[in-house]
Amino acid sequence: MKKIILSLLMVCFLATTLHAQVIYNSSGKKGEAQYKQNAQKEGFDPHKLIFGGGFGFGFGSGSLTLSISPVAGYRFTDRFSAGLRLGYQYNWIKDGQYVINGMSGMVEAKNFNYHIIGPGVWTRFIVWNNIFLHAAYEYNIFTYKSYNTTYTMPGTSSYRAWDHANSLLLGIGLRQPVSDNASFVLMVGYDVLQNISSNMRTDVYGQKYSISPYAGTLDVRIGFNIGF
C-alpha cells in the first residue's frame with residue numbers, strides 16, 4: 001500500500017513539473033521555459049532592454065517627410081515601455097516660403113527644404129494582443145535656406161537659418177513578433193502641438209502657419225525592435 005501511495009505522489013510531482021515547463025514568452029507564444037529570460041527579477045533586468053529604430057514618412061498636399069530614428073528603452077512591465085530616441089528628418093514643401101523681390105516688387109515662391117535633428121522620449125502601452133498606444137515628445141532643431149528682400153540685383157538674397165519646434169506625437173501601433181525577443185512595428189501618430197503659439201510663424205501675406213515637421217500630416221513609422 002505504501003508503494004502505491006508513493007508511486008501516485010511521484011506521478012503527481014512529475015505532472016506538475018512538466019506543466020511548469022510550458023510558459024508564454026514575450027511574443028505571446030507557448031515555448032520551453034527560459035528561466036533567465038522569463039523569471040521575475042528584482043531591480044534592473046538586462047533582458048528587458050529595448051533597442052532598434054526605424055524609418056518613417058509623411059505626406060500631404062505638396063509636402064514630403066522622410067525620417068530615421070534609432071531608439072533605446074526599457075520594458076518596465078509586460079505592457080508598459082519607455083525610452084529615448086534621436087531622429088533625423090528631411091522635409092520638402094512645394095512653394096513653402098515666399099519672399100518679396102525688391103527689384104520687381106513681386107512675391108516669389110521658393111521650395112522649402114530643411115533638415116531636422118530631433119532628440120526626444122517615447123512611451124508605449126500594449127492595450128490588446130500586439131496593438132499598442134504610443135506617445136513621443138520631440139524637440140526638433142532644424143536648419144534651412146531662407147530668403148531676404150534686397151534692392152539690388154537679383155532682388156533677393158539667401159542665408160542659412162536655424163529654428164526649433166516642439167512636437168508631441170500621439171497614436172496607435174501594431175507589432176509583429178518575428179522571434180521570442182524581436183518584432184517589426186508599425187506606428188501612426190498625430191502631432192497635437194503643431195499649432196501652439198511657439199510653433200506658429202507669419203508669412204509675407206500675414207497668414208499664420210506651423211513650423212512643426214508634422215503640420216497637416218499623419219506621421220507613419222515602420223521599424224524593428226529587439227526587446228519589444
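This is a predicted model: local features need pLDDT of at least 70, side-chain atom pairs count only at pLDDT 80 or more; totals for chains, interfaces and linings use all residues.

Colleague: Where do Glu138 and Arg85 sit in the chain?

Modeller: In distant parts of it: Glu138 belongs to strand β7 (residues 131–149) and Arg85 to strand β5 (residues 80–100). The two are 53 residues apart.

Colleague: And are Glu138 and Arg85 buried or exposed?

Modeller: Both Glu138 and Arg85 are buried. For Glu138, the relative accessibility is 1%, so Glu138 falls under the 20% cut-off for buried.

Colleague: OK, what about Arg221, how far apart are the closest N and O atoms of Glu138 and Arg221?

Modeller: They are 2.7 Å apart, and Glu138 and Arg221 form a salt bridge. That pair also links distant parts of the chain, with Glu138 in strand β7 and Arg221 in strand β12 (residues 219–226).

Colleague: Why does Arg221 count as buried?

Modeller: Because its relative accessible area is 10%, and buried means under 20%.

Colleague: Which other residue forms a salt bridge with Arg221?

Modeller: Asp219 does, with the closest N and O atoms 2.5 Å apart. Asp219 has a relative accessible area of 5%, so Asp219 is buried as well.

Colleague: So which residues end up linked in a network of salt bridges?

Modeller: Arg85, Glu138, Asp219 and Arg221.

Colleague: How many salt bridges does the structure hold?

Modeller: Five.

Colleague: Switching topic, what does the secondary structure of the protein chain come to?

Modeller: Two helices and twelve strands. Reading from the N terminus, the order is α-β-β-α-β-β-β-β-β-β-β-β-β-β.

Colleague: What share of the contacts comes from residues 24 or more positions apart?

Modeller: They account for 57% of the contacts in the protein chain with a separation of 6 or more.

Colleague: And how much of the chain do buried residues make up?

Modeller: Of the 228 residues in the protein chain, 34% are buried.

Terms used:
Residues are numbered from 1 along each chain as its sequence is written. Side-chain values use heavy atoms; hydrogens and water are left out. A salt bridge is a side-chain nitrogen of Lys or Arg within 4 Å of a carboxyl oxygen of Asp or Glu. Helices (H or I, at least four residues) and strands (E, at least two) are DSSP runs, numbered from the N terminus. Buried means under 20% relative accessible area, exposed over 50%, partly exposed in between (1.4 Å probe, protein chains only). Contact means heavy atoms within 4.5 Å.
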